[in-house]
Structure formats: C-alpha cells, structure tokens
Amino acid sequence: MESIQVLLVEDSKFDARLVKEYLVCQSAFASSYTIHHFPRLSEGLSCLAERKIDVILLDLTLPDSAGIETLRAIAGKAPHIPIIVLTGLGDDRVASEAVSKGAQDFIEKGTLNEKILQRSIQYAIERKRSEMDLRKATEELKKLDQMKSEFVSTVSHELRTPMTIVREGVSQMLDGLLGSITGEQRQFLTMTLEGIDRLSGIINDLLDMSKLEAGRVEISRHLVDLTAIANRVVSEFSKSEAVLKKKLNLKVTASEPCMHLYADSQKLTQVLVNLLGNAIKFTDSGSVTISIIARENQVECHVSDTGRGIGVEDLPKVFEKFHQFGRTPGPGIKGTGLGLSICKGIIELHHGKIWVESEPNKGSSFKFLIPRYSMEQLFQEIIKDHIGKSIKREEAVSFIGLHLSVSDEQSAAAKLAIHQLGELAQKTLRRSGDIVVGIGGIRVLAVLSATTKKDARIVETRIREALNQFLIKEKLHSEIKIELRLAGFPLDGSEADEIIKKII
Amino acid sequence: MSKKILVVDDEPLLVALVKLRLESQGYEVVVAYDGVQALEAVKHSQPDMIVLDIMMPAMKGDEVCRRLRTNQQTKNIPIVVLTGSQHREFADLCLECGADEVLLKPFDSQELLQLIKKRIAA
C-alpha cells in the first residue's frame with residue numbers, strides 16, 4: 001500500500017516529535033505515513049510546490065505567520081489538500097473559525113494520541129475527496145445551466161427574424177397592400193396573425209423565465225399606485241371577447257383610494273395581466289375581483305374568481321415551471337405553463353411572496369404581498385441585493401445618487417422641473433437597469449451593474465451635463481441645485497452601509 | 001418632396017416587406033444589406049431616417065450607429081434599431097451608441113410607422 005504523504009508544519013520540536021511517533025513508530029493501522037516536517041510557513045509552502053502531499057497538519061502559530069492567516073496562506077496554495085489544524089489548549093474559538101475557513105478538522109494538542117490522529121487523517125482525506133467531487137459536480141451543473149440559458153436566448157433570438165417576415169407578410173396581405181382579398185381569406189389571415197402573436201408571446205415567456213432564473217432581470221422602481229394599475233388592467237380586459245361572451249363581472253376593490261408603493265409598474269402590470277387572464281380563462285360565469293388591502297408596511301393584493309377552482313393535487317405545484325393545470329382536451333385554453341412562475345419571480349424581485357387558495361367549483365384566489373419600503377429602506381435593500389449579486393458573479397457594480405435641493409419657496413416652474421429632471425436623468429442614463437426614483441423625483445438612485453467606478457464616472461458626467469444644461473435653459477439654476485454622488489463596489493466598501501453613506 | 005428612409009437588414013425578404021410598407025405610406029425607400037453598404041448608402045442618398053438591424057455581417061448595427069454619430073453630417077439622422085434580442089445589455093448597447101429608438105422583433109408595422117412619424121413627417 002502506498003504511504004500517505006503528510007506535510008507537518010509545526011515549530012515546537014516537542015509536538016513535532018509526538019506526531020512523528022504516533023504516525024510512524026507505532027503504526028497500528030494498515031496505512032503507513034511519510035512525514036515532511038518544517039518549522040516555518042515559508043518552508044511548508046515551498047514543500048507544497050515540490051511534492052505531492054496527501055494531508056497537511058498545521059500549527060497556526062509559527063515564527064513567520066500567526067492565526068487564521070497561516071491557514072489562509074496554506075489553503076490558498078493547496079485548495080484541494082485536506083488540512084488538519086493543531087491547536088493549543090482551550091483554543092476553541094480559533095479552532096471553529098479554522099473549520100469554517102476550510103480546515104477539515106482540528107485536534108487539540110493536549111488530547112493528541114495515535115488513534116485520534118490517524119482517524120482524523122483518514123477522515124480528512126475522505127471528506128476532502130467527496131467535497132472535491134461535489135464541487136466538480138456543482139460546477140458542471142452550473143455550466144450546463146448557463147449553456148441552457150444561452151441556448152434559450154440564442155434560439156429565441158434566431159426565431160425572431162423569420163417571425164417578423166411571416167408576420168409582416170400576413171399583415172400586408174390583410175391590409176390589402178398586395179391586392180384585394182376575399183372575406184374567407186381575411187378570416188384565415190386574421191387567425192394566422194393571431195397564431196404568430198401567440199407564438200411570440202410564448203417566446204417572450206421562455207426568455208423572461210430564463211432571465212429570471214439567471215438573475216438577469218433588473219427592475220426599475222418608482223412610486224406607483226397599485227389601485228390605478230389594477231384599474232387599467234381591468235379596463236383592458238373588460239373589452240376582451242372572453243369577458244363579453246361570458247358576461248363576467250370584473251371589478252377592483254381597494255381599502256384606500258390610492259395605494260402607493262415603490263415598484264416596477266410594467267412588471268406589476270405583467271403580474272396582474274397574467275393573474276387576471278388566468279382567472280378569466282378558468283371562470284365560465286360570475287365575477288373576477290382584484291382586491292387591494294393595506295397591511296402594516298405591506299400591500300396585499302388578491303385576484304379572486306368564481307371559476308372551477310384548482311384540484312388539491314395541483315395546488316402545491318401551480319407556481320412550478322411548465323406545470324399546466326385545469327386544461328381540458330380539445331381546442332380552447334392553451335398556455336406555456338410559465339405565466340405563474342414568471343409572476344412568482346417578479347413578486348420575489350420585489351421582496352414579496354405569492355400564494356394561492358382555492359376550492360374546486362367555487363373559485364380560486366391568487367394572493368400576493370409586497371413590502372412597502374420607505375425610500376431609505378428601499379435604497380438599502382437594492383444596494384444590498386446588488387452587492388450580493390456582484391459578489392456571486394465576480395463583477396463590479398456602481399451606484400449613482402442624484403440629489404436635488406430646492407430653495408424653500410419653490411415656484412410652480414421649479415415643482416414641474418423637479419419631475420422633469422428625474423425623467424431626464426433616467427433618459428440620460430441610457431440604461432434599462434435598476435433605477436429608483438424617489439418622491440416627486442427629488443432623489444434618484446441608479447444601479448449600473450457590471451460597471452466599474454471608472455466607467456460609471458463617464459455616465460455621471462453625462463447626467464450632470466444634461467441636467468445643468470436643462471436648468472440653464474429653463475433659468476432655474478439659482479433655484480434648484482443638483483448634486484450627484486458616485487460609489488463603486490468593491491472600491492468604496494464591501495458593505496451596503498458603507499456604500500449608502502457615500503451616495504445618500 | 002417625400003422623405004427618404006434607409007432600411008438596413010441582412011434578410012432581403014424583410015427589407016423588401018418593410019420597403020413595400022413604407023412606400024405604401026408615401027416614403028421614398030433606399031435599402032442596404034449590411035453595415036458597410038449602409039454607410040455607403042447614407043453618403044450617397046442622405047436619408048432623413050434610418051431603420052437598422054443590429055446583427056449583420058460586415059459591420060454590425062451598433063458600429064454603424066457609432067460611426068454615423070461621430071460624423072458632423074450624419075450625427076442628427078434619427079435611427080430606429082431593430083433587434084431580435086431582448087437582452088438588457090443589448091438594448092443598452094444600442095442606446096449607448098446613439099440609436100433613438102429600439103424595436104423588438106417581431107414588430108407590428110404600425111408601431112414602426114408611428115416611430116417614424118414621431119421623428120419625421122412624410
């Protein structure tokens with residue numbers, strides 16, 4: 001049997017001799033050990049470069065290094081070799097920190113004996129091996145997942161040009177650009193066009209889902225009125241053929257006339273369109289109601305119908321991808337089974353949650369809850385989210401804060417200008433990424449993901465120039481003062497609090 | 001005199017369809033099938049507006065935009081970019097390089113006409 005190569009980094013002659021004795025002289029187990037002993041970290045490191053080592057026994061306090069730094073140096077050089085830390089008496093804190101920083105095990109020197117040492121070595125080697133296998137498997141999975149996302153995005157991209165050709169060709173025939181058509185031809189061409197639009201809807205769903213899964217969806221938050229959004233969606237659907245044919249009663253009820261919160265209005269509209277569309281699809285008669293209820297620091301929204309309801313076996317799975325339920329054979333209701341997963345993704349981007357309650361043949365109620373953050377809380381949450389994402393992707397991220405200060409007696413023109421400045425800043429940003437506009441446009445936070453501070457400075461200058469030009473043109477530069485602050489992660493700090501202090 | 005629009009896409013059929021649609025609305029249309037041709041066409045026919053695809057051989061649309069924007073004679077011609085990609089980075093790229101509007105394929109021709117009308121009158 002091959003002998004196990006042990007690197008022992010230990011400056012105490014006494015402790016080193018003990019280890020050697022336990023491993024070599026009294027080997028009771030089948031394994032034999034070859035020990036390479038060095039008293040200094042630097043020597044240990046060069047040994048790692050020269051030899052194939054199976055396990056490292058490491059004293060943390062050495063002449064040329066101390067504490068966790070010693071472990072970090074060794075682990076950095078040999079990430080695939082198991083490390084057992086040898087600690088002094090009562091060094092529990094250091095020991096547990098060592099294990100959390102990647103050591104396989106620790107042994108208190110006072111308790112050292114042949115059995116403990118040899119068992120620890122065997123286990124450490126085994127454990128490290130399975131850890132490496134697991135890591136490899138995870139990395140492969142990640143790679144596969146990435147490939148899948150790229151595949152979906154490429155395929156749907158490639159589909160779009162031929163679809164445009166088909167759509168435009170059919171639509172020109174319908175518009176009579178290629179000569180007059182009969183009533184029957186019109187009917188079939190109209191159906192063809194509907195089919196193409198459904199196809200492009202499916203592609204959009206697939207792309208949305210793959211972007212949500214990859215964490216690549218950015219939301220742009222403004223102060224929006226959820227009740228107004230609900231009313232708009234309901235009035236759109238009221239005119240639809242399905243609602244008119246089934247004589248459904250669509251309505252919005254709200255506990256307060258306006259329900260303001262910071263949210264992405266386009267994305268929330270998408271959620272309500274999805275939920276309302278589903279409710280209408282599965283309700284043959286009766287009503288569909290959107291209820292909006294103010295809770296403490298939260299908004300709750302229900303989309304309830306008097307439809308056929310969802311079977312008990314389907315309930316836990318409704319938000320899963322590609323899970324379709326309530327479908328009847330034959331023509332009629334079709335979907336991708338992605339709509340509700342997309343809703344869930346969007347609500348979660350807003351830090352909310354979504355769930356469903358249903359009773360077969362009585363109706364279903366899809367409910368979601370979104371926190372109502374104050375602007376300060378929201379800035380904090382967004383910055384935290386983005387720092388987390390950047391760490392995961394090993395990218396930089398930059399933040400720009402825009403402050404507008406107005407003299408106490410503001411004119412009507414200044415009031416209007418504040419709103420326009422917020423919009424102008426966004427337009428000049430030329431990004432569709434995460435943007436928050438504070439109350440009345442007084443403060444804007446823009447997140448430039450995957451952008452270093454150096455590049456962000458170009459954007460900052462561009463915004464400053466555009467805003468100043470506007471103020472001079474409107475003769476408001478004495479009344480409104482603008483200030484832009486820029487912070488970059490990781491350059492300006494590694495914690496959200498540090499970044500916030502820089503820009504708020 | 002009718003306004004002149006340059007339509008650029010590497011898909012001849014798409015170019016033909018957009019041309020027909022724009023002509024039916026009284027616009028004069030010139031066409032190009034890649035980025036290099038597009039720059040040539042701009043020089044020769046001085047269009048009032050450009051409808052531009054991004055993913056093309058022999059110079060992509062974003063590079064065309066960038067070059068047009070750095071030239072005094074062409075920097076103010078309105079550009080609508082057509083793209084099949086929904087990626088945020090992509091839309092950002094187009095706006096960053098100076099496009100005025102982005103239209104996602106498959107687009108509704110009424111949408112395109114409205115965008116054109118917004119920028120130039122027929």
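Visitor: How far apart do the C-alpha centres of domain 1 and domain 4 of chain A lie?
Guide: They lie 51 Å apart. Domain bounds come from an automatic or database domain assignment. This is a predicted model, where local features need pLDDT of at least 70, side-chain atom pairs count only at pLDDT 80 or more, and totals for chains, interfaces and linings use all residues. Residues are numbered from 1 along each chain as its sequence is written, chains are lettered from A and ligands numbered from 1 in the order written, and side-chain values use heavy atoms, without hydrogens and water.

Visitor: Which residues do those two domains cover?
Guide: Domain 1 is 4-112 and domain 4 is 377-503.

Visitor: New topic. How many salt bridges over all chains?
Guide: The count is 38. A salt bridge is a side-chain nitrogen of Lys or Arg within 4 Å of a carboxyl oxygen of Asp or Glu.

Visitor: Which residue of chain B pairs with A:Asp175?
Guide: B:Arg21 does, with the closest N and O atoms 2.6 Å apart. That pair crosses between chains.

Visitor: Is B:Arg21 buried or exposed?
Guide: B:Arg21 is buried, at 4% relative accessible area. A:Asp175 is partly exposed, at 44%. Buried means under 20% relative accessible area, exposed over 50%, partly exposed in between (1.4 Å probe, protein chains only).

Visitor: What about B:Lys105, what does B:Lys105 pair with?
Guide: B:Asp9, with the closest N and O atoms 3.3 Å apart. B:Lys105 is buried, at 1%, and B:Asp9 is buried too, at 2%.

Visitor: Which residues are linked in a network of salt bridges?
Guide: B:Arg69, B:Asp100, B:Glu101, B:Lys118 and B:Arg119.

Key:
Helix = DSSP H or I, 4+ residues; strand = E, 2+ residues; numbered from the N terminus.
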